[in-house]
Amino acid sequence: QKAGLTLVPVDSVSANNTKDPAPTPRVKAAIVMLARNGDANGAVKAITSLQQRFNDRYHYPYVFLNDKPFDDNFKAKMRDAAPHSELLFGLIPREHWSYPDWIDQEKAKVARKEMREKNVIYGDSEPYRHMCRYNSGFFYRHPLLDEFEYYWRVEPDVQFHCDIPNDPFRFMQENNKLYGFTISLYEYIETIPTLWKTTREFIKEHPTLVRSDNAMRWLSDSPEQYNRCHFWSNFEIASLNLWRSKAYTEYFNYLDKAGGFFYERWGDAPVHSIGAAMILKPEQIHFFNNIGYYHGPFHHCPVDQPALADLCQCDGADNFDMNGYSCTSKWFKLFGGGQANIEAEKVR
Ligand code: GDP
Ligand code: MN
């Protein structure tokens with residue numbers, strides 16, 4: 001047994017799962033969901049899918065986070081959906097879901113009104129901004145996550161299309177991967193008008209925090225320009241230590257001071273993506289080709305890979321990867337990750 005791994009107790013593995021291979025040792029990882037009490041039914045749908053496809057054999061713990069206390073209905077539904085997993089329910093500290101003192105709330109209000117008039121998606125929403133800021137810079141600091149090294153972000157109402165016979169957390173650990181994605185696309189520029197300018201200022205002030213062999217050429221064709229490519233962060237399998245690093249902490253703090261989470265509508269997806277691309281080598285970022293996934297309105301469906309056809313229930317015609325609005329073909333061109341990833345993920 002390797003250091004840092006704990007064995008799944010044999011008696012906690014459900015006996016009727018006979019088609020599945022024996023589980024391998026678990027790594028220090030949790031499935032993390034940010035949700036409201038009103039998301040309970042959508043959360044059950046998502047978790048039921050993930051349990052069937054993967055976690056009924058591994059029993060990874062779940063961490064649920066909310067800016068309000070979870071009610072008994074929510075907790076009971078989650079227990080039913082994942083009866084063999086440890087469930088942790090966390091309240092988000094107020095300081096992580098409120099305005100920092102340097103933010104001009106009047107200015108933020110005007111910005112929301114202007115975005116509403118321009119019909120920017122979630123442009124007028126105050127809670128959405130707190131959520132994006134929380135996912136960008138705070139969730140990994142929640143005390144319930146202290147004991148973990150990796151997380152799998154899951155949102156209410158997502159679906160998993162394919163059986164996942166091997167443990168993606170273990171794959172991450174054994175292959176020194178720090179960030180994993182399934183879908184990528186272009187961001188709406190109206191939500192991030194000054195994000196790139198702010199990022200460039202950060203890089204200028206902290207050149208040593210950006211690694212030279214980074215992955216930024218995927219999202220920036222020239223230093224002046226952000227091409228708007230980002231990993232769709234409603235799915236993430238990643239290292240918590242990536243976000244806990246000095247480089248990312250400094251980057252997040254710099255963005256937070258600039259105010260764009262409130263004066264614009266910076267999403268955690270472009271912030272995580274630029275952060276990861278700046279701090280990591282391309283080889284440390286993994287395209288999880290084997291994990292069929294749906295978050296409305298997009299699918300990642302790998303059934304054009306014959307080896308996976310019997311593991312997946314989705315239509316390859318729905319696969320978003322080669323859509324003109326996806327950035328994944330650009331990732332393939334630069335760094336590979338098609339058939340090679342299918343093979344790599346099969347190895348335990
Ligand atoms: P979208 O995917 O960008 O359309 O945004 P979602 O509505 O799916 O929200 C992203 C995630 O944050 C989901 O896991 C939601 O359940 C969660 N979320 C969004 N707003 C709130 C909020 O105000 N409070 C809490 N606790 N969770 C939220
Ligand atoms: Mn969502």
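**Exercise 1.** In this predicted model, find which helix gives the largest share of the shell around ligand 1.

*Solution.* Start with the size of the shell: 14 residues surround ligand 1. Next, look at where these residues come from. Helix H4, residues 126-137, supplies three of them, the largest share. Then sort the shell by class: eight residues are nonpolar, two are polar and four are charged. Finally, list the closest residues, which are Leu34, Asn66, Asp67, Tyr122 and Tyr128.

**Exercise 2.** Identify polar contacts between ligand 1 and Leu34, Asp67 and Tyr128, and state how much of the ligand the protein covers.

*Solution.* A polar contact is a pair of N or O atoms within 3.5 Å, so each distance is checked against that cut-off.

1. Leu34 takes part through its backbone: a polar atom there is 2.6 Å from an oxygen atom of ligand 1.
2. Asp67 uses its side chain, where an N or O atom is 2.8 Å from a nitrogen atom of the ligand.
3. Tyr128 also has a polar side-chain atom, 2.4 Å from an oxygen atom of ligand 1.
4. On its own, ligand 1 has 570 Å² of accessible area, and the protein covers 83% of it.

The space that ligand 1 takes is the largest pocket.

**Exercise 3.** Describe the sheet that contains strands E5, E11 and E12.

*Solution.* First, write down the order: the three strands run E5-E11-E12 in an open sheet, with antiparallel pairing. Next, find the edges. Strand E5 (159-160) and strand E12 (298-300) each pair on one side only, which makes them the edge strands. Now take one pair: E5 and strand E11 (residues 293-295) are joined in the antiparallel sense over two bridges. Last, locate a residue opposite E11: Gln159 faces Tyr294 of that strand.

Note on methods:
Residues are numbered from 1 along each chain as its sequence is written. Chains are lettered from A and ligands numbered from 1 in the order in which they are written. This is a predicted model: local features need pLDDT of at least 70, side-chain atom pairs count only at pLDDT 80 or more; totals for chains, interfaces and linings use all residues. Side-chain values use heavy atoms; hydrogens and water are left out. A residue is near a molecule or strand if one of its heavy atoms lies within 4 Å of it. A polar contact is a pair of N or O atoms within 3.5 Å; within protein, one must be able to donate a hydrogen and the other to accept it, and residues adjacent in sequence count only if both atoms are side-chain atoms. Accessible areas come from the Shrake-Rupley method with a 1.4 Å probe; for residues, only the protein chains shown count as cover. On a 1 Å grid over the protein atoms alone, a cavity is a set of points where a 1.4 Å probe fits but cannot get out, and a pocket is an open set with protein on both sides within 12 Å along at least five of seven lines; lining residues have an atom within 4 Å of a point. A molecule sits in a cavity or pocket if more than half of its atoms lie within 2 Å of its grid points. Helices (H or I, at least four residues) and strands (E, at least two) are DSSP runs, numbered from the N terminus. Ala, Val, Leu, Ile, Met, Phe, Trp, Tyr, Cys and Pro count as nonpolar, Asp, Glu, Lys and Arg as charged, and the others, Gly among them, as polar. Two strands pair if DSSP finds at least two bridges between them.
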